[in-house]
Structure formats: structure tokens, C-alpha cells
Amino acid sequence: MASVQRAGSALLAFSRSYLRSSESVAPWLLGSRYNSSDAAPAKVGIPYGELSIGVPKESASGEKRVGLSPAAVALLLKSGFKSVMVEKSAGEPAKFMDSEYEKVGAKVVDGATAFSQDIVIKVSPVSLAEVGKLKDKAKMISYLYPARNKEVLEALSKRQATAWGMDCIPRTISRAQMFDTLSSMSNISGYKAVAEAAHHYEHFFCGQITAAGRIPPAKVLIIGGGVAGLIAGSMAKNMGAVVRLFDTRNAVREQAKSLGAEFLTVDIKEEGESGTGYSKEMSKAFIDAEMKLFADQCKEVDIIITTALIPGRTAPVLIKKEFVESMKPGSVIVDLASEAGGNCELTKPGELFKTANGVTILGYTDMPSRMATQASLLYSNNVTKYLLSMGPFSTGKKGEFLVDHSDIAVRGALVLEDGNMMWPPPPNKNAVPGLPAKKEVKKVEPVPIDYKAITKENALVTTGAFGGMLLMGAVSPNPAFTAMMTKFGLASICGYQTVWGVTPALHSPLMSVTNAISGLTAVGGMMMAGGGLLPHTTAQTLAFVAMLTSAVNIGGGFTITQRMLDMFRRPGDPAEFNQMYAIPAVALMGGVLMGNLVGLTEVTNAAYLAATIACISSIGCLANQKTASLGNTLGMLGVGSGIVATLGALHGVPVSVYVQIIAALGIGGAGGRYLATLMKITDLPQMVAAFHALVGLAALTTSMPCLPLSCCLCF
């Protein structure tokens, strides 16, 4: 399911990016009206109840698809069509039994009867022999390939037929996406190409490390980032292969990256977008550059899947004979352009071919038919929606069939109308494909800035702030309140300036490191500690709990932060040597302890200042990816220095209490680190929240011993 979602997301992103580019160059394509000179006079629609549909069996060699599935037949009959005649056994190659068609209301008939209906729906182009079975002025929907089936078109013209080519659906309009059978079949071809490649490639796709040794993943090169290429890339990536994708259109770059594929480029800057849904033919310099790229890639990759096509032209040869000869034995090439000659010079359309050096080349031209059931379902869905749109979309009248030239989706695929050649469709006179639409740029007059008013407003705001501070001093009950408010204000401003502008990706690591720094609530517990190796009173027990929980938060917080930062590291990032900060840490902590031993007690306050600066700098560094790891190191330095400074300030405390404090901090820190290491990477944000709760518990247990006994009893 995950692979399908990724493939679907890639197709949707590709469609959106393509439509954005195409819609900007040809706004007329999105409308319901075709404003060319060939627009016919208004016609009267034919009620569905007067039309019968025929679904003959496919006669082309290897063709297993069927024009309509039972579900599509049911929809057409429900919409009001008089009848649907399905040739006996027409759906059996696609696993649709005659009984299924009869169950939904279709009539199973012979081939002649199926061909003699008002509208005939097929998959492959009709043969010359089948044209004779059509009634005069019949309507037919199928693939036609008008550029290479002139004899068939001439025969249809003599029968005054009206024919639509599903291969001619204009792919550059939003509405036609639901009729686009080429995209539907390309979807299947891309999927099946990977399945066929996996069948013939006698190695794993995914890399493995086993007792027998290491197995590297398969390397897959996909040439062409259309629907088939993107689906193939998604499937190959999901199977564990290393996927590389090349396309001349820059719009494909982001889609390739969304699949986890490496997008290959050449040094020459040239855009391959043609505005038709296909790539345009590139310059000689570009082709020479891509030939060199393909030659190098053939020496490295294990599987190549090619999808490059140019409408109405022979497929370009991209993999030359000498490239194939340079490939490793056992490699596989799947040429999805084989029906148009193939992208590989050695491809034999319709055949599987093995070269002398052991490379397997699949030139199958019937990839969709190799998944006939799924292909028939998609094709019939496209055709049914197309048929039901002919008339109702442009006229608004449901239940009537109409050949309306003002509907670009209908006119664009119309090859013959009453025997008259209608292909290719006329170009739009008001749009030039390939050129971006000019946008009218309105000149905006600059608005003069009143700097005097702005400065005056800022000055008044500052005056109000200063007045508020003076008022707070005037109503202050005692000096302690003023001192606490001063610290609170400075801390708020400092925190705001430090955190403002942090990169969104670093929000969780920043929260984690601030939680760890909040573990300095351990200092309050250390000052309240007493008893001996174990606390003796309730207050001392609360102090022990405060130290223990604070240490859990410190050890776990810094560990979680580092694990999160390690996720963001890229292979090309420079090496880090933050362990060098052990030097200032030892100097600061050693200096504090030495100063207290010789009676220089003020070094403790100086150490607190240094620890505070380190903690604030830590939070500041976490605002940027480049300095985030340094921020975590500075946080550990600051918290560690604060705790050591507090240990040095505990004069006259028994050795047993020192042991109690160090044990509480050590056990808590080790426990927090263990929990943070044990958690899955996806659970780390929840663990940060859990550690944050421990800070609150530590603050509570630190403050409670300071309260009078009567207040404690109220809890």
C-alpha cells in the first residue's frame, strides 16, 4: 500500500506540475470551447435510448484486453443506452466471463452483431477485415494511430464512419485526464516493466547483509520520467533498488526526488518540455552529452528501463550497441518504446533477446495485455467517462450523445467524422504552444515612508514601557520582588532573542535541550540534601527525588537532542570535534573546586555566570543547523558546570551527603540516558514531553521543603 501511495503521489505531483506549465502557455485548453475556425454549426444530440453499443473481441495478436468491463457496461445501461452487445468470449482473456456481462444486462452475441451496432468500442485499431463488418455511418472509439494507419482510415472513410482515437486524447487539458488511456496503460507498463525485470534479473533488488556475506542492492536506471517512468521508479525503489532517473524536462526533477530516486543531469542547460505531454527533440549538443551519460551509466547499472517516445516519430535510440556490450553479464534492459522501434539499438520488438555478453533485452509490445484484467478495467473506465461526456459536458443536457466541435476533448481525438478526415485538429490561433503567456505588469507607485511618524510611535511605546517599570517599582512590596521581576524580565528578553528565528526542523531538538537545561532544578535539591547516605526526613527525601528526576531529565534530554541532530546529518557534512570542549569544561570545573578549597568562595558565582552564558549560547546555537551540535555540547558544559559549582559551594556537608548527591545524580543521569537510547526514533518527541514533566516534578519537590509544615499538610 505504501508503494501505491508513493506512486500515486508521484503521478499526482507530475500531473500538477505539468498542468501548471501547460495551462500557462495555453489557457484555451482549460475551457470547454474550442475557438478555431472549424467549429461546426449547432447540432441536435441523439438520445442514449436510440443508441446501441457493440464490444467485439480483440483480434490483434497477443491482445488480451477488452473494450468494456462488466462494471462499465452496467454504468452505460444505467445511463440510458438502449443496449450493449458483447461478442461471445470477448472478455475471457481478461478474466471477464460471458455470464458476468449477462448478469449486468448485456447481450452476448456473435462478432458480426457486435460490429453492427451504432457505437463500437475496441482497444486495438480495427483491421481492414473488421471495417467491412461496420454499419454505414457507424461510430467507433478505439486506438487508431492515424499517422501510421492510413489504409484503415481510408477504409473507414468509405463507410462514412465517425472515429475517435483514444491515443489522440489531448493530454494537456485538465478535464481530459480522466479520459487519458495512454497514462492508464503507461501506469501498468511501468509496473509490469519492473516485474519483468525482476523475473529475468537473477539477483535481489534489495541489499542484504547475511551470514553468507553482504549483497549490494540492484542499480536501476530509468530513462524518461513520464507516467511509466515514475511508476517504474516507485516500484523499483519500493523493492529496495537504487534508482536513477533521467529526463530532459526539469519538471520531473522534484517528482524523481519525491520517489527517493537520483535525478541525473547533463552539463548543458536545455529544457525538454514540448507542451504536448511528451519531451521535444533536443539539440545535437544535448544529445551528445546524454549519450556520454548513458555510456557511463551502462557500465554501472544492472537494469535499464526506457520509456522515451516522440509522438508520430520512431523512438529515439538512446542505448547503443556498444553501450549494451559494456554492461555486466546478467543485466536486463526493458524497452517500453519497442512498439515504436525501441530506445535500444538491439531491441527486437515483441521479442526477448539475449546478447552474447549475457544481457537480456525485453522488447515486449504488449505490456498492458500482460496484466489484461487491470488494463481492461482502467481502459474501460476511461472510455466510459469519455463517451458519457460527449454532449452533456458542452450542452448541459444529460442522456444525449453529441459530436460537439466546441468541446476540445471531443474535437482533439476526432479522427474521422462521417468519413471526412478531421485529424490532426486545427491549432488554436490565440495561443502559441511552447511560449509562456505574457502577463501584464502593473506599475506600482512607491508609497512614501514617514520615518518621523514611525520613530515617534516607537519612542512613545518605549516611554510607556519605562513608565510601567517605574510603576512596578513604586508598588513593589519588598526588594526581593523587584529583584525577581528584574531577573524574570531579563530572562524573557534573552529567551525571546535566542529562540526567535529558529529553523522549523530544529524545534524538537531545541525543546529537548531546553528541557535538559531546565534540569538545573537539581541545584535546589542539592542545597536541600541532608541526612547521610540516605535522606532521614521528608524534606530530605523530597530533595533526593528532585535530584534524581532532574538528573533523569538532564541525561535523557541531551541524549535525545544528539540523536535528533544525528538524523539531520548528511554524508557531505564536515566532521565535528566537539569533544575538544572538554578542555574548557575541565578548566572551569577544576577551577571552581580549587577555588573553594583555598577559600575563594566568589569563584562559585563566577562559575554560575559562566554556566549561564554556556546554557544561553547552547539555546542560541540550536537555532541553526550548522551550529546545532555545538549547542548540545555547550548545554552539557553549562549544566555540568552549574552542578559542579554547587557541589563546591556545599561547605560543611558530611561526606555521606556528598555520596548521596553524587549517587542520585549519577543514577538519574544514567537512567535518563538509557531510556533515551532505548526509545525508537519516532517516539523521541513524546519522550521529550515526558522528560518535561519530570522538570515540573523536580521543581515541585524542590520548593516543597521550603514551605511551612502547615502549607505542606494542605497538599
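A: Let's start at Arg171, which sits in the loop between β7 and α7. (Helices here are DSSP runs of H or I with at least four residues, strands are runs of E with at least two, and both are numbered from the N terminus.) Bear in mind that this is a predicted model: local features need pLDDT of at least 70, side-chain atom pairs count only at pLDDT 80 or more, and totals for chains, interfaces and linings use all residues. Residues are numbered from 1 along each chain as its sequence is written, and side-chain values use heavy atoms, with hydrogens and water left out.

Arg171 counts as buried, because its relative accessibility is 15%. The cut-offs are under 20% relative accessible area for buried, over 50% for exposed, and partly exposed in between, using a 1.4 Å probe and protein chains only. From Arg171 to Ser183 is 12 residues along the chain, and their C-alpha atoms are 9.0 Å apart.

Asp180 belongs to the loop between β7 (162-165) and α7 (181-200) as well. Asp180 is buried, because its relative accessible area is 2%. Leaving aside residues up to four places away in sequence, Asp180 touches Arg171 and Asn382, where a contact means heavy atoms within 4.5 Å.

Next stop is Ala413, in helix α14 (residues 408-413). With a relative accessible area of 0%, Ala413 is buried. Cys168 is 245 residues away along the chain, yet the C-alpha atoms of Ala413 and Cys168 are separated by 4.6 Å. Cys168 is also one of the residues that Ala413 touches; the others are Ala163, Trp164, Gly165, Ile169, Pro170 and Tyr386, again not counting residues up to four places away in sequence.

Asp418 lies in the loop between β18 (414-417) and β19; its phi is positive, near 55 degrees, though the residue is not a glycine. Asp418 counts as partly exposed because its relative accessibility is 41%. Tyr145, in the loop between β6 (139-142) and α6 (150-158), is another non-glycine with a positive phi, about 50 degrees. Since its relative accessibility is 22%, Tyr145 is partly exposed. Then there's the peptide bond from Trp423 to Pro424, which is cis, with omega near 0 degrees. Pro424 is in the loop between β19 (420-421) and α15 (451-475).

Now for some helix packing. The axes of α17 and α21 come within 9 Å and cross at roughly 170 degrees, so the two helices are roughly antiparallel. Axes are lines fitted to C-alpha atoms, for helices over the stretch in contact, and angles run from 0 to 180 degrees between N-to-C directions. Under 35 degrees counts as roughly parallel, over 145 as roughly antiparallel, 65 to 115 as roughly perpendicular, and the rest as oblique. On the α17 side you'll find Leu510, Val513, Thr514 and Ile517, meeting Cys615, Ser618 and Ile619 of α21. By class, that contact has 5 nonpolar, 2 polar and no charged residues. (Nonpolar means Ala, Val, Leu, Ile, Met, Phe, Trp, Tyr, Cys and Pro; charged means Asp, Glu, Lys and Arg; the others, Gly among them, are polar.)

Helix α20 (residues 582-597) packs on α22 at an angle of about 10 degrees, with the axes 9 Å apart, so this pair is roughly parallel. The α20 residues in the contact include Leu588, Met589 and Val592, and those of α22 include Leu637, Val644 and Ala645. This contact has 10 nonpolar, 4 polar and no charged residues.

Finally, the second largest pocket has a volume of about 670 Å³. A pocket is an open set of points on a 1 Å grid over the protein atoms alone, where a 1.4 Å probe fits and protein lies on both sides within 12 Å along at least five of seven lines; lining residues have an atom within 4 Å of a point. Its lining has 20 residues, with Lys487, Ala491, Tyr608, Thr612 and Ile616 nearest the centre. The elements giving two or more residues to that lining are α16 (479-499), α17 (507-518), α21 (603-621) and α22 (628-649). The largest share, 8 residues, comes from α16. By class, the lining has 12 nonpolar, 7 polar and 1 charged residues.

Technical notes. Grid points are joined across faces, edges and corners, and a volume is the space filled by probe spheres set on the points.
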